[in-house]
Amino acid sequence: MLLNPAIMALVLVSAMVTMMLLLASGFAIQVIRHWDINSGSERQLELERRTYLISTLLTWSFVSELISLLLFVYNAESMSGQFVGAMCATGVLNVNEWGWPTLLLKIVIFFCGTSWLALNYLDNQGHDYPLVRWKYTLLLLIVPLAVAEFYTQLQHFLNMDPDVITSCCGALFSADAEGVAAEVSGVEPDTAMLALYGTGAITLLSGVWYARRRRGGVLFTLSGVAAFVVALMAIVSFISLYIYEHPHHHCPFCILKSGHGYAGYLLYIPLFAATAMALGSGVMAPWKNRPSLAAAVARDAPRLAWLAVSLFGLFYLLASWYVMNSSLVMTGVWW
Amino acid sequence: MIDLIRKQRYLIDFTLSSLLRRKGKNLGLLLVYTLIVFMLASIMLFTHALRQEAGMVLQSAPEIILQRMVAGRHALVPADYLEKMGSLRGVTDKKGRLWGYFYDPTVKANYTMMVDEARGLTAMEVVIGAGIARAKGIGIGDYISFRAYDGDAFSFQVKEIINPVTELVSSDLVLMSERAYRATFGVPDGYFTDIVLKVRNPREVRKIAEKLSMRLPDTRPILREEILRTYDSIFSWRQGIVFVLLAGAILAFVIFAWDKASGLSAEEKREIGILKAVGWETADVLRMKFWEGAVISLSAFILGYLSAYAHVFYGSATLFEPVLKGWAVLYPEFQLTPFIDGLQVATLFFFTVFPYIVATIIPIWKASITDPDAVMR
């Protein structure tokens, strides 16, 4: 299976990104040990110069991770024709035990990466780079994830056996089966709806509150993360049903298909972007008392919060629109 | 926000004029870059269109083909197998087919001979594919003769030439009546080449195939979905092989880009020195270089992709044809249906733009940290 061009591209990207991150982590260790902004030594000068290289490398790494996340899902979707029993990305991810961990790692790296970029942006605003140790410590935590992702992805592609009959969304996302996916599918739609709009309201309100009053940044970030998780559950539990207009089809991947008007992309892109922004404003907010960063935090964190709030808003509007405009009627069954 | 956009606009403006000042060097890079994108994009567009075409052709194929096996070889199926398999729930239609191959020494090519009762051909008439008509130089009303199994020669009048739209599959096809077929090949009455079954519900296909191989143990069912799956992986695989072969070219390109980016001329170094002396920061120089890369990448990508598109869909992919689609005497002439897909574009991006970026980051950074006094002295 390795000779498929999309797979070669994914492996190539993951290998390059891992290499760049390893390079950066070597530098990170040096920074953590030797950084001293007040020193005029040659080493400090060299370190300061090198930060430019490293942040450029990392920006590119995280941007390519983002594209590779999209490509990974899209590729899984398009390979579903090559496996017995696979009808969408779920079946391909299920082909072996490495598929789901790879996807999860890619998502986690995406959020870590965007948070890191936000922190890096903020740090560059301060004339004395006050967060430099923090951000390189954070980087050292991201590197193992990237290495793990490279490994799991490679295993996923190497162990693809077209003769294995895989189980697809119909089996995995059904209320009668066992496992996390089944649990999520089995959540009562009214509970899921309540949770979705509940976390949505808290996130939007705390976001606006933070953006206007500059208080409660942590609350906003936490509720943003909760809203993200609940939104994914809600997509599996009831939003997808309305998009498919089918009371038992819970798959979160089939909505990416052209047959459903690419609804999935319209839902996931605002949701992921909003969560990333919320996390970004969350990592910025705690530094408002640093003298060299106060102005930058006061300017940029609320800006990110506004963006996050509008993207979350867009997601809720779209989700509600899909539910309202669907021909599926289940009110008599649920309530 | 507006300020940010305005700043980037000025940077792009500056970058463009600085690129134009060194036309020769940048045009060379652009040319090589475009060529790489062109080659890879041609292959992707071509294999993808072929795969699409195969899928469309097979759309109307029967869901199950049943072949009888004798000692591991494909053998004729007795007509009573149709009764022996009994009625299978979910099968909407089943019938025996008669077909085979015929080698014509005059044009050194194989024809596919098939019985088509639906066309109502008499025993003296045939319908031929456009490839045969081209190779033998015959048209409607002309005669074509085949040497039968027992040495006799039979002549048939060409009643029709198959519509060139379907040439990909019908180029070498000869359609004839059942009587003519049996007389030419000596296949006795009561035997078929194979049996085809139509199944309405795709989810029942595997179960029906299982039942068939239980009731008729000496047969082998071939499923349409399996053929489709095989085509799918074969085309991806061929594309992958060509990509691996081109890996050397990509690597050469990466080295070339690295070299271009790191071999700054004295003049360019001076330019960066002056920029820094008048107040540009390292980050600004990096940004300018980023825009430089973006302008070159984008132009090369668009130019390469568009010319690949023209090459594949208007020029029949002349350069890669033999490797990717195979060859034959009666090769079909066909126009591929243009098809662009996001996955392809993203993959192509990762094979061309991504290596370029990775190769140029370090040289660009090296250039941007230059001390003004070091270069202007």
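Modeller: Let us begin with a term: a disulfide is a pair of cysteine sulfur atoms within 2.5 Å. This is a predicted model, where local features need pLDDT of at least 70, side-chain atom pairs count only at pLDDT 80 or more, and totals for chains, interfaces and linings use all residues. Residues are numbered from 1 along each chain as its sequence is written, chains are lettered from A and ligands numbered from 1 in the order in which they are written, and side-chain values use heavy atoms, leaving out hydrogens and water.

Biologist: How many disulfides are there over all chains by this rule?

Modeller: The count is zero. Take A:Cys88, which is in no disulfide: the nearest cysteine sulfur belongs to A:Cys254 and is 3.6 Å away. For A:Cys251, the closest cysteine sulfur is the one in A:Cys88, at 3.6 Å, which is too far for a bond.

Biologist: Is A:Cys88 buried or exposed?

Modeller: Buried means under 20% relative accessible area, exposed means over 50%, and partly exposed is in between (1.4 Å probe, protein chains only). A:Cys88 has a relative accessible area of 0%, so this residue is buried. A:Cys251 is buried too, with a value of 0%.

Biologist: What do A:Val225, A:Val229 and A:Met233 form on the surface?

Modeller: A patch is made of residues with over 30% relative accessible area and no salt bridge; like charges are joined within 9 Å, and nonpolar side chains (Val, Leu, Ile, Met, Phe, Trp, Tyr) within 5 Å. A salt bridge needs a side-chain nitrogen of Lys or Arg within 4 Å of a carboxyl oxygen of Asp or Glu. Here the three residues form a nonpolar patch, with about 210 Å² of accessible area together (Shrake-Rupley method, 1.4 Å probe; for residues, only the protein chains shown count as cover). A:Val229 sits in helix 9 (residues 217–244) of chain A; helices (H or I, at least four residues) and strands (E, at least two) are DSSP runs, numbered from the N terminus. With a relative accessible area of 43%, A:Val229 is partly exposed.

Biologist: Which residues does B:Ser368 contact, leaving aside neighbours within four places in sequence?

Modeller: Contact means heavy atoms within 4.5 Å. B:Ser368 touches B:Lys276, B:Thr282, B:Val285 and B:Leu286 in this way. B:Ser368 is found in helix 12 (residues 342–368) of chain B, and counts as buried because its relative accessibility is 0%.

Biologist: Where do the domains of chain A lie?

Modeller: Domain bounds come from an automatic or database domain assignment. Chain A has domain 1 (1–163) and domain 2 (168–335). Their C-alpha centres lie 24 Å apart.
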